[in-house]
Amino acid sequence: MAGGNAVVLDDPVGASLRGHHAHLARGRGRAVTYLPGVATFSAVPAEPGAAEWADLTRLLGQGEFADMFDCPSIPPSHWESVFVLEGRQMIWPGPGSGVPSQAEAGTGMVELGPDDVPGMLDLAGRTQPGPFWARTLELGTYLGIRDNGTLVAMAGERLRPPGWTEISAVCTAPEARGRGYAARLVSALAARIVARNERPFLHVADTNTAAIALYERLGFETRKPVTFRGFRTPVSS
Ligand SMILES: CC(C)(COP(=O)(O)OP(=O)(O)OC[C@H]1O[C@@H](n2cnc3c(N)ncnc32)[C@H](O)[C@@H]1OP(=O)(O)O)[C@@H](O)C(=O)NCCC(=O)NCCS
């Protein structure tokens, strides 16, 4: 079967930062985070103690944003909570599930590169698919669809724990919705991921019923509920 052990999906940020994305990571002690402009996600080892949280404070700085993604461990009580968001992790269940059959030829999809970043930032700003920054496209392949030269839909690869690739930044401009662009882009990315013997997965907020319906129609199944959390590192007096 294509892809790897799903256990790595319980720490997708840490597994990516210590593996495929090590060239985009910075660390201090046992804490790791992405380089500025790539992503804000940080990771600490499983069941972290005071030393690991202190490592993360030293890494990020005092009073700084600590985006813990779906980390189940809660920092010490003097860390300020910035956001809590309930969501789900979805996986493509494997061969025979149908999704990665999309042919890319003739569909108007293009691979996006550094010259497309302004358009990608604009589209992400208008549609709010989740965090997207000037260097986020360095995490993987991003595909887009243009309408009269303007980028109106995109999707790309983000976290990359061993054997898996996360599909992210799935968004379509409001005026171009309902044309099947998101379905086409997600299918094309999933097909590429499966072709290199990995499996696609993704994350979505529970309130995003339109996106959940789209992913389920493409064959994705919910693996587990997740809670996304962000904090502010403490300032010592
Ligand atoms: C979710 C989202 C990416 C869907 O994009 P899209 O290109 O419209 O999606 P598709 O056309 O491929 O298909 C979506 C489904 O919803 C329907 N749909 C979506 N928007 C629609 C609209 N404005 N009018 C009519 N139907 C619409 C489509 O018909 C399709 O259903 P169907 O296959 O049963 O007919 C888009 O709504 C979006 O950008 N949302 C904001 C960003 C976001 O939440 N991204 C997901 C993060 S996990």
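F65 is partly exposed, with a relative accessible area of 29%; buried denotes under 20% relative accessible area, exposed over 50%, and partly exposed the range in between (1.4 Å probe, protein chains only). F65 lies in strand β4, which covers residues 65-67. Helices (H or I, at least four residues) and strands (E, at least two) are DSSP runs, numbered from the N terminus.

This is a predicted model, in which local features need pLDDT of at least 70 and side-chain atom pairs count only at pLDDT 80 or more, while totals for chains, interfaces and linings use all residues. Residues are numbered from 1 along each chain as its sequence is written, and side-chain values use heavy atoms, with hydrogens and water left out.

Which residues are in contact with F65, leaving aside its neighbours within four places in sequence? They are T40, L60, V82, F83, G230, F231 and R232, where contact means heavy atoms within 4.5 Å. F65 and E80 are 15 residues apart in sequence, and their C-alpha atoms are 9.6 Å apart in space.

## Helix α5

Helix α5 spans residues 209-217, and its buried residues are A211, I212, L214 and Y215. Seen down the axis of α5, these residues fall within an arc of 160°, so they line one face of the helix; the arc is that of the directions from the helix axis to the C-beta atoms. On the other side of α5, T209, A210 and R217 are exposed.

The cover over the buried residues of α5 includes β5 (80-91), β9 (164-172), α4 (181-195) and β10 (199-205). Just after α5, G219 adopts a positive phi of about 110°.

The protein chain is divided into domain 1 (6-87 + 227-232) and domain 2 (89-225), with bounds that come from an automatic or database domain assignment. The contact takes 26 residues from domain 1 and 24 residues from domain 2. The domain centres, taken over C-alpha atoms, are separated by 24 Å.

Between them the two domains bury about 2100 Å², 63% of it on carbon and sulfur atoms. Buried area is the accessible area (1.4 Å probe) that two parts lose on being put together, summed over both. In domain 1, L9, V38 and G87 lose the most area to domain 2, together 25% of what that side buries.

The count of salt bridges between domain 1 and domain 2 is two; a salt bridge is a side-chain nitrogen of Lys or Arg within 4 Å of a carboxyl oxygen of Asp or Glu. The side chains of D10 and K224 meet in a salt bridge, at 3.1 Å from N to O.
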